[in-house]
Amino acid sequence: MELTGRNCVVSGAAGGIGFAVSEKYAKSGANVVMLDVNMKTLERAVEKIEAYDVKALPMVVDLASVAEIEKAMEIVDQSFGAVNALANCAGVSLYGDLLEYTEKNWDLSLDINLKGTFFLSQAAAKNMVKHGVKNGKIVSVSSQAGRVGEQGGHAYGASKAGICMLAQTMALDLAKYGICCTAIAPGITDTPLFRNYLKNGAEMAGMTEQEFEKMRAQKIPLGRFARTDEIADLIWFLSSDKANYITGATIDITGGNVNV
Ligand SMILES: NC(=O)c1ccc[n+]([C@@H]2O[C@H](COP(=O)([O-])OP(=O)(O)OC[C@H]3O[C@@H](n4cnc5c(N)ncnc54)[C@H](O)[C@@H]3O)[C@@H](O)[C@H]2O)c1
């Protein structure tokens, strides 16, 4: 198996995409550090990962706190040693009308999605450099909403566009250690985060949720939303040795929505 014995860290590991990636890592023989703020869903997710006969290390961490990130990564170092790959999957999508958008939602979006991604990547990179990891990988989940504007997606879009830029700047700084940094920009993927977006998006577009969902699917050349396992496959590929010559890039995975 491609990742046997490697140690992979996943943030947002209890969520739709984060869990699918954790499962994909585990299926290919990697031990998985599972970070999430939601203890209940995390406990259920960890049980499923342990069934693959790999080590799973769950930790409740608020990605908006740099102190919590650093503490968690210290524990990772003590328990697992070297980290081979990090998948930054934690995120919140707080859409809202510009005239009513609140400072609280702005700060939450930027702190969790962008600051959390940067400082968790920094902590993982420090671990990789300390342990002399060869071909380390940092894959961060941006979004189609960070590539093209979406109604009400002010803070979300800005945080996700920031992640595409971080892939480039981190790639430049970490190239000398052989660490590759990439981002992926998924289109709509059916997860709890999408259900939350659907509610806000429909409200802002003046449609029912069913109408809004149908309209969004019709805009996609491939005619459907992504499945979490399809997103996980791409993150897995970018975490593996098959992607040793890809760095600084953001890969769109949108069923053609932003590409054609
Ligand atoms: N679902 C989509 O349509 C879609 C599209 C493009 C990009 N994305 C991105 O993919 C990533 C995963 O999204 P998802 O759809 O799986 O969402 P999800 O809501 O299912 O999962 C997100 C996870 O992040 C965790 N999280 C939230 N705040 C946190 C915090 N402060 N600290 C630690 N963990 C926290 C949640 O508890 C949850 O388990 C997100 O970054 C999202 O922006 C999703």
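**View 1. The residues around the ligand in the predicted model.** The ligand is surrounded by 28 residues, and the closest of these are Ile17, Asp36, Tyr156, Lys160 and Thr191. When this shell is sorted by class, it is found to hold 15 nonpolar, ten polar and three charged residues.

**View 2. Polar atoms beside the oxygen atoms of the ligand.** Three of the closest residues, Ile17, Asp36 and Lys160, can be picked out here by the atoms that they place beside the ligand. In Ile17 the atom belongs to the backbone, being an N or O atom that lies 2.7 Å from an oxygen atom of the ligand. In Asp36, by contrast, a polar atom of the side chain lies 2.6 Å from an oxygen atom of the ligand. Lys160 also contributes through its side chain, with a polar atom 2.7 Å from an oxygen atom of the ligand. Taken alone, the ligand would expose 830 Å², and the protein buries 92% of that area.

**View 3. The ligand in the largest pocket.** The ligand sits in the largest pocket of the model.

**View 4. The lining of the largest pocket.** The space in this pocket comes to about 890 Å³. Its lining is made up of 39 residues, of which Cys89, Ala90, Gly91, Val92 and Leu193 are the closest to the centre of the pocket. Two or more lining residues come from each of helix 1, strand 2 (31-36), helix 5 and helix 6. Among these elements, helix 6 gives the most to the lining, with four residues. Sorted by class, the lining of the pocket divides into 20 nonpolar, 14 polar and five charged residues.

**View 5. The one cavity found in the whole structure.** Rolling a probe the size of a water molecule over the atoms shows where empty space is left. How many cavities of 30 Å³ or more does a search of the whole structure find? The search finds one, and about 30 Å³ of space lies in this largest cavity. The residues that line the cavity are Ser11, Leu63, Asn88, Ala90, Ile112, Gly116 and Thr117. Helix 4 (residues 103-130) supplies the largest share of this lining, with three residues. By class, the lining of the cavity has three nonpolar and four polar residues, and no charged residues. Ala90 is named among the residues that line this cavity, and Ala90 is also one of the residues closest to the centre of the largest pocket.

Methods:
Residues numbered from 1 in each chain as written. Predicted model: local features only at pLDDT ≥ 70, side-chain atom pairs only at ≥ 80, totals over all residues. Heavy atoms only, no water. Near = heavy atom within 4 Å. Polar contact = N/O pair within 3.5 Å; in protein donor to acceptor, adjacent residues only side chain to side chain. Areas by Shrake-Rupley, 256 points an atom, 1.4 Å probe, with all protein chains shown as cover. 1 Å grid on protein atoms, 1.4 Å probe; cavity = no way out; pocket = protein on both sides within 12 Å on 5 of 7 lines; lining within 4 Å. Sits in = over half its atoms within 2 Å of the grid points. Nonpolar A, V, L, I, M, F, W, Y, C, P; charged D, E, K, R; others polar. Points joined across faces, edges and corners; volume = space filled by probe spheres on them.
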